[in-house]
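Please look over the sequence and the structure, and then read on.

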Amino acid sequence: MWSLEGDSMEKKDREIGTTGTTGTTWTTGAAGTEDGTGGKGQPLEDRALKEAARIIGEELLPMLGIAGQVKRTAPTEQVFLEIQDFLMDFTYEMEDGSWCHLEFESDSIKTDDLRRFRACDAVLSYHHKVVVNTVVLCSSRVVRIREHLTEGRNVYWVQVIRLKDRDADDVIHELEEQKMAGAGLEWEDLMSLLLTPLMDGEMAQGERIGRSLVLLEDERERFGREKLIGMQSVLYAFAMKFLEKDELEKIRRILKMTILGQMLTEDARREGEAVGRREGETVGRIQGRAGSVLDLLGEIGGVASTLSEKIMGEQDDAILRRWLLLAAKVDSVEQFEQMM
């Protein structure tokens, strides 16, 4: 059995939002992104993060000793009158009606972290009228373990878990040796791989995640496409939470050869094609409108090349619509030029 020891990932992108003059909005949501090619929170990443949330809730929470049965993945965004951003990692509605608020920490849990967790819990509890329990999953190297915050008469507690008694190096090496010997991995082995970012060991987080992705990919035929995508999504979610930008880029390169990477690439291709079609339709509409203007003018007189080039070069659809109406009512090309 693994011992679960209290000990949290400094959110690199979490910021308290802005307060407006007319009020403020409280938003609890998933982390944002730097670009559309694999950063946090972008549409192409949504499927991976949703699948990661499902696997974490259904498979990993029981293995970590978190009590209760997940009923569903709960919303992570709550919008209120005040504008403030409180970003949470994952939330789950439990069978007993309570909510589990799950956070990841790779650094010491600070007073501000606990205050932020408490604010998120207060908003969720007030809005949904539920009990909220916060669980913080820490890497084994977290130095300062803080489980509660005391301010005035209020005491706020979180449950802190880290897998300090498990060595990620041993887990990965053992499973790699199994694969080299021709043996397949069992479901429990795969779940252990998903937890390696939380374990002790000398191997860097990026290397753990990269090698685990490779091990998972080799089990595609055995466990099926959908399960594999879910497990790879969990590791990618950990990568986005724990790794710096340079390390994350390395993981993205590894991800390209996985089934999850292929899925995201296909999504990107389809989205690009849709954007291209929309842009092509816009260009065609503008060119057609410009041509109609020239046709109307041609019926009332000759159109100089300079005027023709100006009309065909106009890209503003609103201007072209106005010119089309004007061309339909003027008596001469000269009158059109004066009024255009």
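## Overall make-up

How many helices and strands does the protein have? The protein has 12 helices and 10 strands, where helices (H or I, at least four residues) and strands (E, at least two) are DSSP runs numbered from the N terminus.

This is a predicted model, in which local features need pLDDT of at least 70, side-chain atom pairs count only at pLDDT 80 or more, and totals for chains, interfaces and linings use all residues. Residues are numbered from 1 along each chain as its sequence is written, and side-chain values use heavy atoms, with hydrogens and water left out.

## Burial

Of the 340 residues of the protein, 46% count as buried, a term that means under 20% relative accessible area (1.4 Å probe, protein chains only).

## The open sheet

An open sheet with mixed pairing is formed by 6 strands in the order β2-β4-β5-β6-β9-β10; two strands pair if DSSP finds at least two bridges between them. At its edges lie β2 (70-73) and β10 (199-200), each of which pairs on one side only.

Within this sheet, β5 (residues 99-105) and β6 (residues 132-138) pair in the parallel sense over 7 bridges, and C100 stands opposite N133 in β6.

## Two helices

Helix α4 (residues 187-194) is largely enclosed by the rest of the structure, because 6 of its 8 residues are buried; these are D189, L190, M191, S192, L193 and L194.

In helix α11 (residues 317-329), the buried residues are D317, L320, W323, L326 and A327.

Notes
Buried means under 20% relative accessible area, exposed over 50%, partly exposed in between (1.4 Å probe, protein chains only).
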